[in-house]
Amino acid sequence: MPIQHLLKTQAYINGEFISAKNHRTFPVINPANQQVICEVTCCGEEEAELAIKSAKQAQHEWKKYAAKERSKFLQKWFELIMQNQENLAYLLSMEQGKPLNESRGEIAYGASFIEWFAEEAKRAYGEIIPQDRSDHRLLVIKQPVGVVAAITPWNFPNVMITRKAAPALAAGCSIIIKPAPETPLSALALAELADQAGIPKGVFNVLPTALAEEVGSVLTRSADVRKLTFTGSTKVGKILMAQCADTVKKLSLELGGNAPSLIFNDADLEKTVDAVIASKFRNSGQTCICTNRIYVQSGIYRAFADKLKEKVRSFIVGDFQQQGVNIGPLINENAVQKIQRHIGDAVNKGAILALGGQRHALGSTFFEPTILENVSQDMLVCHEETFAPLAALIPFDTEEQAISMANDSEFGLAAYLYTQDFSRIWRVSEELETGLVGINEGIISNEVSPFGGIKQSGLGREGSRHGLEEFLEMKYLCMGV
Ligand code: SIN
């Protein structure tokens, strides 16, 4: 299918692509050169209300489909996405900036959630409870939550939608997506393919908008929306949580992270450097589970720092279409200013700039992959996620020290540890205050495992069989016989 068929600029509500009543549009900007790719309709209150009404009507019917029938729609959607992988990847890179290869990977990763939940749809088992009395029969059935609103970020414009929409639809919910204003095109392309897959009208809806507060407020305050699922900052997550309190919505929140990596003296140097690079520099460092603080034990510190520098120095920074590119642009000027602030703060407090540290010669939002050495716990980079290509190395001596610094954070999404010692693997994994732990592995997310954080990194899990439960309510039936 030509790419133009996937390039949609209107909202998708009740099975139709429509323009907002306010006639407003907003530009989608290519972050590599700041050029306008296209103008997209800017939904407001009216479209949000319409989407809720349509989603409510549609859900009434959708929930009655047999799980196997819902599964077939999802399977078809998955196939169409994979058939269009190349064009979807191109659109994604154009609006988000990541290298084309990473976008191809994201499309396949995103589709894998649809395939997985197409299968899981058939496994929303209830239970039969041994009766408490001989004249009782006790059962639990699982039912869809209802209409779901999803607010999704720009860093993974495809997968952040599919890992919410696929379990929602599998469970028998309908969904309204409000994509990030930076990356509405990937969301609308998914809508086009959902339409082609025959997903009934009103079941999947997309509201592109630059009026995030206006649309967000309608979605969170509506009593007809029974669940909110959000990926984004902890700050916005707290606001949404408060807005949902009035209607006591079910919530899934995937919020900020500040992932530590703990590298012990006995780690395999070569493999560890590669794993840390994969975790740190994926998506140019714009990933919630990116390692942000790299704690390195004193015996391996020098060798690790030198090897990391040798490899990162050879990175190619460039536009998504360039062959072999490792690092794309950051999403916008604010992102550049944040990495500059973290570097400035660290250097002022005594850190050593070992590599990079400047805006890249390509200009605009391109930034040099950067390594800071001798970072300490009092620096900003240890307390805020940088969301940019900055590797901060912090030396440590003992396991207790490393654990204590790793847990010194309000966030608790991901952590990584590198060691060959099995008892240490268990000890440290159990002590780390995070929802995810990578052990001698830097790329840990997939559709079959539960993804999510503790502390102020969020609530609930995405992916895996647990991801389906987030969209189901339990109903207990007590039968007198
Ligand atoms: C994220 O940035 O939160 C998602 C990363 C992933 O799914 O691996």
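## Reading buried residues, contacts and a ligand site

Mentor: Let's begin with Leu92, which is found in helix α3, residues 85-96. Keep in mind that this is a predicted model.

Trainee: Okay. Is Leu92 buried or exposed?

Mentor: The general idea is that buried means under 20% relative accessible area. Leu92 has a relative accessible area of 0%, so it counts as buried.

Trainee: And which residues does Leu92 touch?

Mentor: For that you look for heavy atoms within 4.5 Å. Setting aside residues up to four places away in sequence, Leu92 touches Gly97, Lys98, Ser103, Glu106, Ile107, Pro157, Asn158 and Ser186. Take Glu106: it is 14 residues from Leu92 in sequence, and the two C-alpha atoms are 9.0 Å apart in space.

Trainee: Can we try that with Arg70? Where is Arg70?

Mentor: Arg70 has its place in helix α2, residues 67-83. Its relative accessible area is 7%, so Arg70 is buried. Now compare sequence and space: Arg70 and Leu169 are 99 residues apart along the chain, yet 7.4 Å apart from C-alpha to C-alpha. Leu169 is also among the residues that Arg70 touches, and so are Trp62 and Gly172.

Trainee: What does the side chain of Arg70 reach?

Mentor: Here you look for a polar contact, a pair of N or O atoms within 3.5 Å. The side chain of Arg70 reaches the backbone oxygen of Trp62 at 3.3 Å.

Trainee: What about Thr234: which backbone oxygen does its side chain reach?

Mentor: That of Gln456, at 3.0 Å. Thr234 lies in helix α8, residues 234-245, and is buried with a relative accessible area of 9%. Leaving aside neighbours within four places in sequence, Thr234 is in contact with Leu255, Gly256, Phe411 and Gln456.

Trainee: So far we've looked at helices. Where does Thr365 lie?

Mentor: Thr365 lies in the loop between β14 (352-355) and β15 (370-373). Among the residues Thr365 touches are Pro31, Gln34 and Val336.

Trainee: Now the ligand. Where does the ligand sit?

Mentor: The ligand sits in the largest cavity. The residues around the ligand include Tyr109, Asn155, Phe156, Arg163, Arg282 and Phe451.

Trainee: Which residues have polar atoms at its oxygens?

Mentor: Go through them one by one. A polar side-chain atom of Ser445 lies 2.4 Å from an oxygen atom of the ligand. A polar backbone atom of Cys288 is 2.8 Å from a ligand oxygen. For Glu254, an N or O atom in the side chain is 3.0 Å from an oxygen atom of the ligand.

Trainee: How much of the ligand does the protein bury?

Mentor: Taken alone, the ligand exposes 260 Å², and the protein buries 100% of that.

Technical notes. Residues numbered from 1 in each chain as written. Predicted model: local features only at pLDDT ≥ 70, side-chain atom pairs only at ≥ 80, totals over all residues. Heavy atoms only, no water. Helix = DSSP H or I, 4+ residues; strand = E, 2+ residues; numbered from the N terminus. Near = heavy atom within 4 Å. Polar contact = N/O pair within 3.5 Å; in protein donor to acceptor, adjacent residues only side chain to side chain. Areas by Shrake-Rupley, 256 points an atom, 1.4 Å probe, with all protein chains shown as cover. 1 Å grid on protein atoms, 1.4 Å probe; cavity = no way out; pocket = protein on both sides within 12 Å on 5 of 7 lines; lining within 4 Å. Sits in = over half its atoms within 2 Å of the grid points. Buried < 20%, exposed > 50% of the residue type's maximum accessible area, 1.4 Å probe, protein only.
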